[in-house]
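This report describes selected features of the structure shown below.

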Amino acid sequence: MEKRGGTPSPSPRSTEKSGKDLTRSGDANGGASAGGNATPKGDKEKGVNVQVILRCRPLSEDETKGNTPVVISCNERRREVAATQVIANKQIDRTFAFDKVFGPSSKQKDLFEQSISPIVHEVLEGYNCTIFAYGQTGTGKTYTMEGGGTRKAKSGELPTDAGVIPRSVRQIFDILEAQCAEYSMKVTFLELYNEEITDLLAPDEPRFPVLPVPEDKNKKPIALMEDGKGGVFVRGLEEEVVYSAGEIYKILDKGSAKRRTAETLLNKQSSRSHSIFSITIHIKELTHESEEMIKIGKLNLVDLAGSENISRSGARDGRAREAGEINKSLLTLGRVINALVEHSGHVPYRDSKLTRLLRDSLGGKTKTCIIATISPSVYCLEETLSTLDYAHRAKNIRNKPEVNQKMMKSAVIKDLYSEIDRLKQEVFAAREKNGIYIPRERYLQEEAEKKAMTEKIEKLGVDLEARDKQLVELKELYDAQMLLSAELGEKLEKTQERSGGHQACSA
Ligand SMILES: Nc1ncnc2c1ncn2[C@@H]1O[C@H](COP(=O)(O)OP(=O)(O)OP(=O)(O)O)[C@@H](O)[C@H]1O
């Protein structure tokens with residue numbers, strides 16, 4: 001939703017510097033790496049920066065009719081965005097540089113081909129890649145990720161306004177088909193709303209005509225679990241095996257419709273939900289010794305909720321807590337970015353489910369691209385400056401992308417056989433009723449207890465981390481005090497010696 005009326009009060013950041021302020025720090029990739037974090041070999045150890053793309057949408061019809069003043073100018077060639085503010089009758093321009101800048105007249109096709117297509121290639125090389133859209137509500141995150149209108153391909157062609165997701169899907173299939181590759185693909189689609197994860201691909205619960213179930217009640221929250229290897233997994237998340245781009249579009253439509261239904265029901269709050277659509281691809285490869293290996297790549301496509309809460313409160317001031325209540329995830333994302341950029345020892349990934357889910361994409365082994373979206377309108381200037389600051393800071397995050405380890409086909413088959421065995425046993429137990437059975441009520445109660453326990457353990461983990469940090473600080477303080485006291489001791493000794501000498505002399 002656009003914020004309207006009145007000239008916005010100047011943002012505190014905008015008064016920090018006046019005149020032309022070219023913010024270009026931390027461009028460690030040497031500026032544009034439109035190739036999605038191209039990794040020079042020697043840089044592998046140092047890591048690569050998160051790629052940040054800036055997109056400014058055009059004025060809407062209403063804004064144009066209402067002669068809304070434009071305060072943003074984009075220089076795509078120089079990869080710069082300038083925001084103009086008038087403070088005390090003085091014009092102040094703030095200029096920000098990004099890896100790529102797409103102005104109001106940019107086309108979906110151009111954004112994809114110049115910035116996203118190279119990332120898709122890296123997924124097919126066996127990397128995990130994440131693309132996420134961040135920005136104020138109504139600035140074009142969904143338009144950029146999904147596209148306007150229908151995303152359905154007509155006569156094999158994508159509509160001109162198809163966004164990053166359908167274009168990526170199409171490109172993945174085009175490449176695999178051109179290579180005559182043997183592959184398998186599965187997708188997951190989840191929504192994160194108010195710290196609860198729901199599966200957008202879960203089959204609907206059967207409804208009874210006498211007892212209609214409200215739409216959102218159909219969405220059962222699912223648990224986020226630690227995988228014991230420093231990662232997380234969403235327990236019971238539906239994985240759909242797909243064989244064509246068309247199938248993925250259908251799944252996307254189905255999932256997005258569920259998301260939208262919730263939005264209709266929950267109205268304003270729903271714009272604060274995040275969605276993650278993931279595609280995992282297994283590709284068969286032959287080694288020189290003709291051994292069959294499986295290469296695995298994963299693409300995460302994230303549509304974040306509107307960022308207006310975080311920008312209004314700022315991650316550090318007193319209102320942060322209040323905004324945290326509303327949207328813990330976005331607030332923590334801001335803190336994680338700050339901690340990574342400032343290299344603070346403790347990165348608060350565990351403080352929200354979004355950052356736990358995106359942990360590997362922020363400072364991990366994944367290649368990450370953030371698309372920051374802004375509006376050109378004067379009425380959004382405050383939020384726009386906040387997005388520009390936020391996105392610019394994120395440019396300094398370094399990830400250490402690693403190609404996923406290839407698996408021998410025989411090992412994959414062995415894994416699949418043991419999975420089939422396990423499922424067979426479950427089916428057999430269910431059919432023969434010789435497994436362990438507990439009443440549904442008790443099962444639900446135990447699940448709830450388990451969830452509470454997991455959360456308690458997680459909280460204890462966080463407390464422990466904080467205590468460890470405190471301990472380190474105390475130890476440092478203790479060491480410093482010891483050093484000081486040793487120095488003072490030495491000084492005292494010398495003084496005593498000197499005064500002893502004097503006494504001897506005077507005696
Ligand atoms: N680059 C663009 N070109 C043309 N129209 C755009 C562009 N970006 C956004 N729009 C239009 O602006 C409106 C708002 O965009 P969109 O719904 O994608 O915003 P959003 O950031 O996803 O908002 P929310 O946070 O509420 O989900 C839509 O009507 C969309 O079609």
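This is a predicted model: local features need pLDDT of at least 70, side-chain atom pairs count only at pLDDT 80 or more; totals for chains, interfaces and linings use all residues.

## Helix H8 and the residue after it

H8 itself has 14 residues, and the distance from its first C-alpha to its last is 20 Å, close to the 20 Å expected at 1.5 Å a residue.

H8 is mostly covered, with 12 of its 14 residues buried. Among the buried residues of H8 are Leu-330, Leu-331, Leu-333, Val-336, Ile-337, Leu-340 and Val-341. The buried set of H8 also includes Ser-329, Thr-332, Gly-334 and Asn-338.

## The largest nonpolar core

The core has 46 residues, of which Phe-98, Leu-333, Leu-362 and Leu-388 touch the most other members. Several elements give two or more residues to this core: strands E3 (51-56), E5 (80-87), E8 (128-135), E9 (183-193) and E17 (367-374), together with helices H8 (328-341) and H10 (381-394). In soluble globular proteins, nonpolar side chains tend to be buried together.

## Helix H4

Helix H4 (residues 164-178) has 15 residues, which should span 21 Å at 1.5 Å a residue; its end C-alpha atoms are 21 Å apart, in agreement with that value. Because 12 of its 15 residues are buried, H4 is largely enclosed by the rest of the structure.

The buried residues of H4 include Val-164, Ile-165, Val-169, Ile-172, Phe-173, Ile-175 and Leu-176. Arg-167, Arg-170 and Gln-171 are likewise among the buried residues of this helix. H4 is followed by Cys-180, whose phi is positive, near 50°.

## Surroundings of the ligand

The shell around the ligand is formed by Arg-55, Arg-57, Pro-58, Gln-136, Thr-137, Gly-138, Thr-139, Gly-140, Lys-141, Thr-142, Tyr-143 and Gly-306. By class, these residues divide into 2 nonpolar, 7 polar and 3 charged. Helix H3 (residues 141-145) supplies 3 residues, the largest share of the shell.

A polar side-chain atom of Thr-142 lies 2.8 Å from a ligand oxygen atom. For Gly-140, a backbone N or O atom is 3.1 Å from an oxygen atom of the ligand, and for Thr-139 the corresponding distance from a backbone N or O atom is 3.2 Å. The protein covers 65% of the 630 Å² of accessible area that the ligand has on its own.

Conventions
Residues are numbered from 1 along each chain as its sequence is written. Side-chain values use heavy atoms; hydrogens and water are left out. A residue is near a molecule or strand if one of its heavy atoms lies within 4 Å of it. A polar contact is a pair of N or O atoms within 3.5 Å; within protein, one must be able to donate a hydrogen and the other to accept it, and residues adjacent in sequence count only if both atoms are side-chain atoms. Accessible areas come from the Shrake-Rupley method with a 1.4 Å probe; for residues, only the protein chains shown count as cover. Helices (H or I, at least four residues) and strands (E, at least two) are DSSP runs, numbered from the N terminus. Ala, Val, Leu, Ile, Met, Phe, Trp, Tyr, Cys and Pro count as nonpolar, Asp, Glu, Lys and Arg as charged, and the others, Gly among them, as polar. The expected span of a helix is 1.5 Å times one less than its number of residues. Buried means under 20% relative accessible area, exposed over 50%, partly exposed in between (1.4 Å probe, protein chains only). A nonpolar core is a set of buried Ala, Val, Leu, Ile, Met, Phe, Trp, Tyr and Cys residues joined through side-chain atoms within 4.5 Å.
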